[in-house]
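Hi,

Here is the structure you were after.

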Amino acid sequence: MTRDKAIKRRLWERGNHQIPLNSKVQDTKKETYDEIFTKFATKSPQMPLSLLTARGLIVGQEFILTCLLLASHRVALDDENKSPEYQPISNILSTFQPTTQPYVLFVPWVSFLLTTAIFSRISPDSASITQKEKLQTRGADSLFMALFLRFLAGVLQTLTASYSSDTVHALAIGGLVLHLLACDFDYANGHTESNGVDTTGRPPFKGGTLSLTAAFFSTILLASRLEENVSVYIFVTYSVILFALYPAARHRVAIATKSKYRAVPFAMTLQLVFMTFLLLSTYEAIFAGAVFVTLCLLVPGWVYTLQSSKTQLRGPWDIAHVS
Amino acid sequence: MTDQDALPTVTATFPLIREILIREGIEIVHAHQATSVMANESVVYASALGLPSVYTDHSLFQFDDLAGVILNRVLQTTLSTLNAAICVSYACRDNLILRAHLDPSRVNVIPNAVDASKFTPDPSKRSKDRIKVVVVSRLVYRKGVDLLVGIIPKVAKQLPQVDFIVGGDGNKMLDLIEMVEREQLQDRVEFLGAVPHVQVASVLQRGHVFLNCSLTESFCIAILEAASCGLLVVSTNVGGVPEVLPSPDMAILCDSNVSALVKGVKAAVERQEGDGDDAVDPIQAHERIETMYSWHRVAKQTVQVYDRVASEPPQTFSERLACFQSLGGIAGFVAGLLLMIVEVWIRIVILWRPTSTIDVVPDLMPFEKAYTKDKNN
């Protein structure tokens, strides 16, 4: 008789009741639900208010970026039309002479770009390619993109030109709201994913692809309201800089200013706010400012007061994280 | 529900299930698997029809991801009128009680078992000069394939006498193949692809050490099958794994990181090579598993649960309503409405398909006859 058959016959001959039970069913521990709950409940780590405000600052900054896009679209329309149907350029800007108005807009924009550029260079370069190669690829790419966009501007403008203005405005605002909701704020705050070293000069976009797509969706819609190809080109390039190129720089700035230069992200947000408020009328500026203050100060304060009442249940069921 | 095979409607399947319950003369409804729509609905129907219900939970769920939050809420609603629950390990029991807000006195632990006659050791199939480490699992993230990708190169470098046998398939298979290509380990790592369950025993019999790197495991039957075939098990110390095998004589438990698992594999290999006192004797290990784990024992314990549950009186409507409303707040209100909809639907279905039109299947082997026949044997 083979071994398998011998085992089977032995089990069958012994019968069910002779196999020892190793745990009786009634022998469960007499615990109540609350005892089990307190055994596994832990308080989540309490975050300081400064950390919460820094995180809220990024959300506020993203909101200001969307306001900036909408305001610059209005400026582009006004530049073209100068018709009484549209609102005049903001009350704040109109206090300056018409000849100095472009420079007023120019100064905060340049200072913003300079701050970003300086502080993103400070962070340690984790790329495995040399700086010179990176400059070459980036330079060539930007020149190529500039030329390409100039020729594509005409096509992009006609893509949604047949939509009615109401549809365009509603969809554009919806797209920007989606951009705000889906934006990768962890990346903006300087958390890196540990996988992948930058081996080529063209790393993939890491700031959230849904948010980027939503932002570009809104720009294409808004660009279809403009008429001159040059305006479309400038507007689309503006949006590309703000939504496609800026997040990576912001990430590098966040990493560089984690320990020193803590005030730099704050300064950058202030520059953006200043730029936006120049282009908005007083009431709009007050409204945008109120939303910004809510996002940056009130909401973090609320989270700070509530976080002590959060309990987490940690136990053997937690999936171990592979580092 | 997670695979979107069916959506819970709580009314659509009721006529069919009621017909089955009446036709077969069902007295206890036993459901499995938290993500099964049919299981959740059957427990609700059973209590509505006055039948006791039992639920067995097989897996662990998290509390903080979105899928876990939603599924736990659904489970809390449908299991509020449950009579008894069975879990496969103490970790699973704690998890189920906290997830579904159950009364701990109704939750029992009945560990799984293994069919030891199918998983017998065969020392003649083992190679004499190489130590084989066997990995048989689905190659997905949950089973810790990322850890395996880190372990294999390190072990292959530090222990030249060790070969790997990897059975199973999944979406992480590519990562493993890429790693083998990168480290040039084609002659050290053997891929078997998807192994049908009948052939798993023959794969296990070829090995000396079984490696399990799961990131979460409620009760790992795989390590039980491996121990039954006489292998020394190296496993991550997650979930219900420490409750399965006596460690350190039959299993080496490690933390869930690459370095700890590499150390564990090294210790296991040192024990298994040389046939010293430390090595696991396959026949003795098999006999130990045979006495510790058998499906007969599981059946006996389940019958004890059934006996206890069958003696409880059926719940009245107000008792069930109180159970549903104990969810609290708006959810309790909605659950109460749900219960009333189910009650109305039951009356409609009874009018539509009266009980007298359903043929009851006669019992071919009545209970008394079966009992006396067994005694004579």
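Let me start in chain B, where 4 residue pairs are in polar contact between domain 1 and domain 2, both residues being at pLDDT 80 or more. A polar contact here is a pair of N or O atoms within 3.5 Å; within protein, one must be able to donate a hydrogen and the other to accept it, and residues adjacent in sequence count only if both atoms are side-chain atoms. On the domain 1 side that touches domain 2 of chain B, helix 4 (residues 90-100) of chain B gives the most, with 3 residues. Helices are DSSP runs of H or I with at least four residues, strands are E runs of at least two, and both are numbered from the N terminus. That side of domain 1 of chain B has 6 nonpolar, 4 polar and 1 charged residues (Ala, Val, Leu, Ile, Met, Phe, Trp, Tyr, Cys and Pro count as nonpolar, Asp, Glu, Lys and Arg as charged, and the others, Gly among them, as polar).

A word on the ground rules: this is a predicted model, where local features need pLDDT of at least 70, side-chain atom pairs count only at pLDDT 80 or more, and totals for chains, interfaces and linings use all residues. Residues are numbered from 1 along each chain as its sequence is written, chains are lettered from A and ligands numbered from 1 in the order in which they are written, and side-chain values use heavy atoms, with hydrogens and water left out.

Now the domains themselves. Chain B splits into domain 1 (14-112 + 297-370) and domain 2 (116-292), with bounds from an automatic or database domain assignment. Their centres, taken over C-alpha atoms, are 38 Å apart. Between them, the two domains of chain B bury about 720 Å², 55% of it on carbon and sulfur atoms (buried area is the accessible area, 1.4 Å probe, that two parts lose on being put together, summed over both). In domain 1 of chain B, the residues losing the most area to domain 2 are B:L60, B:S89 and B:N112, together 59% of what that side buries.

UniProt (unreviewed entry) puts "domain: Glycosyl transferase family" at residues 123-273 of chain B; its positions use the numbering here, feature names are shortened, and annotations may be inferred rather than shown by experiment. That span is 36% helix and 20% strand. UniProt's unreviewed entry also has a "transmembrane region" at residues 327-346 of chain B, which is 90% helix and 0% strand.

B:V258 and B:V149 are 109 residues apart in sequence and 9.0 Å apart in space, C-alpha to C-alpha.

Cheers
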